[in-house]
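Work through the exercises below with the structure in view, trying each task before reading its solution.

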Amino acid sequence: MATSLRNIIVVGGSFVGRATAQELARVIPPTHRVLLTEPHTHFHNLFIFPRFAIVPGHEHKAFIPYTGIFNDSPNPSSHGIVPDRVVSVKPTHIQLDREWQGSKEVPFDYVVLATGTRLSKPAGMDNDDKASSVNYLQKHQAGVKKSQSILIVGGGAVGVQMATDLKEYYPEKEVTLVQSRPRVMPSFHPGLHDLVKKRFDELGVRLITGARVTVPPSGFPNDGSTFDVQLKNGTTESTQFVILATGQTPNSQIVADLKPSRPDGESVINPDNGYIRIRPTMQFLDEQYSNMFAVGDIADTGAQKAARPGLGHAAVVAKNIQALIEGRAPEDTFVKGPGAIHLTLGMKHNVIFRNPNTAEGQTEPWINPKDDGQEDMNAGGMWERLGVSVDDPRQYHL
């Protein structure tokens, strides 16, 4: 369909990409439109995947239609979803894996990368459609249910949350978490490790630190039989089910072909970590690409990789693109704050934990424990934020 509207493209429709698209749609003039490119048919509420990989009956709530995402904008019909995968970003257009409106190329005035990182299942899904992802979570639930002993690899947020959920939901099972570092949640103040360890002890979760698991090339059987897991310290652990909760791989390959403006200039991607180099305005560091922005986990901000700082990125980008359209300099900047997290530690118990703000002279973390958790982690709230009203529980299956 031909249009005279100028494109602002957001690549990636997860938490930060979704927020960026919505922020932009609220402030840009009617001469422009926001196009959100996302190969998933539904929004993936990945923060509840760990819970729904264990607890049955709610998995369909984790995948939300994108149909209402622009409802709150002044011109909702102007904006749209491009349901394709971006394979590369060029200086003036994106390249899609298949045709959209008759072409694999979509031009832009501005582009925002919100491609995030790849996560191991069950923290992330392999499939783009809802039915396959729901089916995967149901199979994972069944595997967990029939296994008497479960070993979790990784002591980040996903591993910690799954360990506490498992042991509380299935108290009769043996749950072990193996962490390669001396403590869990190592990017936070040691007080968070102490808090988690206390909760593990209350529930009966066994914790092994300073040990790295050897993952076989073919993966673990997870077929109901008992097998040995090799640790690189020479010991073995016997279990019936292994959950991988390790690592994040940056999704930055789509800008790998962008060349620096000078032969001696720095590459677009930081080779030390795979993230996109940016300025405080969230624009690409290389001034040749001043109409390109990166937000969320893919941006090399030095800040914690989490949704909350990413939402701050979204607000900055919306203001700066609005300024550029209006002929002003982009002056809004992202200021890195102390790392913080809202962590579930079982079905009801959860905690908000924030590292000390050393810039203000703080030496101790801020901790707010709560016991208000819900089994479905208030999944319906995310449907509302995406503009989808649910009047009948059957609508969660859309």
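**Exercise 1. Find how many cavities of 30 Å³ or more the structure holds, and describe the lining of the largest one.**

Solution. The structure holds three cavities of 30 Å³ or more, where a cavity is a set of points, on a 1 Å grid over the protein atoms alone, at which a 1.4 Å probe fits but cannot get out. The largest cavity has about 40 Å³ of space, a volume being the space filled by probe spheres set on the points. Its lining, meaning residues with an atom within 4 Å of a point, is formed by A25, I28, P29, P30, H32, N75, S78 and H79. Sorted by class, that lining has four nonpolar, four polar and no charged residues.

This is a predicted model, in which local features need pLDDT of at least 70, side-chain atom pairs count only at pLDDT 80 or more, and totals for chains, interfaces and linings use all residues. Residues are numbered from 1 along each chain as its sequence is written, and side-chain values use heavy atoms, with hydrogens and water left out.

**Exercise 2. Determine what the buried residues of helix 6 pack against.**

Solution. Begin with the extent of helix 6, which covers residues 307–325 and reaches 27 Å from its first C-alpha to its last, close to the 27 Å expected at 1.5 Å a residue; helices are DSSP runs of H or I with at least four residues, and strands are runs of E with at least two. Next, pick out the buried residues (under 20% relative accessible area, with a 1.4 Å probe and protein chains only), among them A307, H313, V317 and I321. These buried residues of helix 6 pack against strand 1, helix 1, strand 9 and strand 18. Finally, just after helix 6, G327 takes a positive phi of about 85°.

**Exercise 3. Locate Q362 and list what it touches.**

Solution. Q362 lies in the loop between strand 20 (350–354) and strand 21 (366–370). Leaving aside residues up to four places away in sequence, Q362 touches N355, P356 and N357, a contact being heavy atoms within 4.5 Å. A polar atom of the Q362 side chain lies 2.8 Å from the backbone nitrogen of N357.

**Exercise 4. Is M282, with its positive phi, buried or exposed?**

Solution. M282 is found in the loop between strand 17 (248–250) and strand 18, and its phi is near 75°, a positive value in a residue other than glycine. With a relative accessible area of 0%, M282 is buried.

Methods:
Expected span 1.5 Å × (residues − 1). Buried < 20%, exposed > 50% of the residue type's maximum accessible area, 1.4 Å probe, protein only. 1 Å grid on protein atoms, 1.4 Å probe; cavity = no way out; pocket = protein on both sides within 12 Å on 5 of 7 lines; lining within 4 Å. Nonpolar A, V, L, I, M, F, W, Y, C, P; charged D, E, K, R; others polar. Polar contact = N/O pair within 3.5 Å; in protein donor to acceptor, adjacent residues only side chain to side chain.
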